[in-house]
Amino acid sequence: MSACSVEVVYGEGWCARSRAVISPVSEEEARRRHAVGDPYMALLRTDGRPLAELRITGRAGHVGLLLFDAHGRRHREYDYVELRRGRLHLRRHRQWLYRTPDEAERPEPAAHFTLTIRPDGSAQRSLEHEGRFDTVARIPEEHRTLPLADFGDWTRYADAGLLGVPGPVTLVPAPLPETAGTTGGDPLWSAPAPLAPGALEALFVPGSRFESYDGPVTVVEPEHAGNLRLPTGRVIAADPAWLSADSEPFTVSVPPGTYPLVLGKVEQRSEWAGEEMTWEEITAAMLCIGDRRPTVAWEPALLPGQEVRLLGDREFYGFGVDSGTGAFLDAAARDALAADPDAGVELASAIGDEAACPEFRDPVSGANAIAFPSGAGDGSYPVWIGRDHDGEVTCLIADMLTVDSARPLPPTVASPAVVLVPPVPAAEGPLPAAVPHAETALLFAELLVKTVTMARDVRCRNRN
């Protein structure tokens, strides 16, 4: 059997309008970017027809594969992330359902099917077509795990069966195109960037200024909310009204002790009916650990099983709030507070009535819980862990997201602290037996058909 020759063109992206590579680069430049972890794109094509686009960012451990249909449109996407060293996990798969051969590529209201896959293989399947329909699935390991390929070994991600060409495939470098596509004003593709902490400590420095949804705001004097006693050092952030015995502490603990809790506040000014109005709003709650050495790095506070690399753009893991109240507490206080079904509700409802930051005390363990208003109210809020030069914890800050701390205004100085990304852990156990990519594509196509059928049946029942 003769091999199928597939050309490889490297660049920074693909322009759907002109159907050309954006900012083509040489193979040597692409290889350099691969070595240092910078993003680049590899286009696989035959006879001038695009077959697949590979998006690679080694620093983020991200590999994206988009397949083209017969009309030159990207219609299937595989979004991989390196969760274990040398192994890629398929975190998301999408298929676009074009109605006609001349429909534009991925228009905003286009019908599409999405599989969002967790590391344990459980998955949510969603169909966006005349509304949204969700159900679940389980994806076997051999259909969601791939070995990380070396530079140029692109058939590891897209073999002949997936590309729709006769095999075996021989990859050959293509000459640089004489013309290039443009971004059309849109930003180039990049790996998903989860929510960043911004200038968090400035939220507690009077006179600092930030952008908010309602315009510029100024930080005022922080409020001391009390002293939090942590006999175990295992910290929980939660809505006290919805706390349960299953509420888990963060994976990072602090030395047992008693630490001050401080609330950051801003002053907001506005004009209504010709009169100037001024009010204050809670922006963050900071649990100060130790002697408050300078914070040089931030990391997200995570619960067991949470994985930062699975987050999309500006996504975060946060604690949920449904009573307009948040709280910091020790794991020992959780057990006592959860044992009394009324205590948490009373703690949340006491804010603004009996005390600005009411407290629950467990006489047995000596632990307590301190409640505080959750900024703008209900929602989900991230907690950030600060570390000093020695890697010791300096603070935990619950950001109420009422201001954009990533956009400080003069005279506020942007934070020099870096965001820590946990190292990729080593793989455990052998890789699953390799299966042809076409078999995985067939499995996903069958799930799509089943989802469409289920959604149609549900809609028919609802109409009747």
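A residue counts as buried when its relative accessible area is under 20%. Keep that cut-off in mind for the first view of this predicted model.

**View 1. Thr412, a buried loop residue.** Thr412 sits in the loop that runs between β26 (403-409) and β27 (418-419). Its relative accessibility is 14%, so Thr412 counts as buried. Leaving aside residues up to four places away in sequence, Thr412 touches Ala202, Ser208, Arg209 and Phe210.

**View 2. Thr412 and the backbone of Arg209.** Here you can look at one atom pair: a polar atom of the Thr412 side chain lies 2.6 Å from the backbone nitrogen of Arg209.

**View 3. The largest pocket.** This pocket has a volume of about 1,200 Å³. Its lining is made up of 36 residues, and those nearest the centre are Arg55, Glu77, Arg92, Arg94 and Trp189. Several strands give two or more residues each to this lining: β2 (13-15), β5 (49-57), β6 (62-68), β7 (74-84), β8 (87-97) and β9 (111-117). Sorted by class, the lining of the largest pocket holds 15 charged, 13 nonpolar and 8 polar residues.

**View 4. The second largest pocket.** The volume of this one is about 650 Å³. Among its 27 lining residues, Pro192, Ala193, Pro194, Val308 and Val421 are the closest to the centre. Strand β24 (residues 379-387) supplies the largest share of this lining, 3 residues. Which classes do the lining residues of the second largest pocket fall into? There are 20 nonpolar, 3 polar and 4 charged residues.

Terms used:
Residues are numbered from 1 along each chain as its sequence is written. This is a predicted model: local features need pLDDT of at least 70, side-chain atom pairs count only at pLDDT 80 or more; totals for chains, interfaces and linings use all residues. Side-chain values use heavy atoms; hydrogens and water are left out. Helices (H or I, at least four residues) and strands (E, at least two) are DSSP runs, numbered from the N terminus. Buried means under 20% relative accessible area, exposed over 50%, partly exposed in between (1.4 Å probe, protein chains only). A polar contact is a pair of N or O atoms within 3.5 Å; within protein, one must be able to donate a hydrogen and the other to accept it, and residues adjacent in sequence count only if both atoms are side-chain atoms. Contact means heavy atoms within 4.5 Å. On a 1 Å grid over the protein atoms alone, a cavity is a set of points where a 1.4 Å probe fits but cannot get out, and a pocket is an open set with protein on both sides within 12 Å along at least five of seven lines; lining residues have an atom within 4 Å of a point. Grid points are joined across faces, edges and corners, and a volume is the space filled by probe spheres set on the points. Ala, Val, Leu, Ile, Met, Phe, Trp, Tyr, Cys and Pro count as nonpolar, Asp, Glu, Lys and Arg as charged, and the others, Gly among them, as polar.
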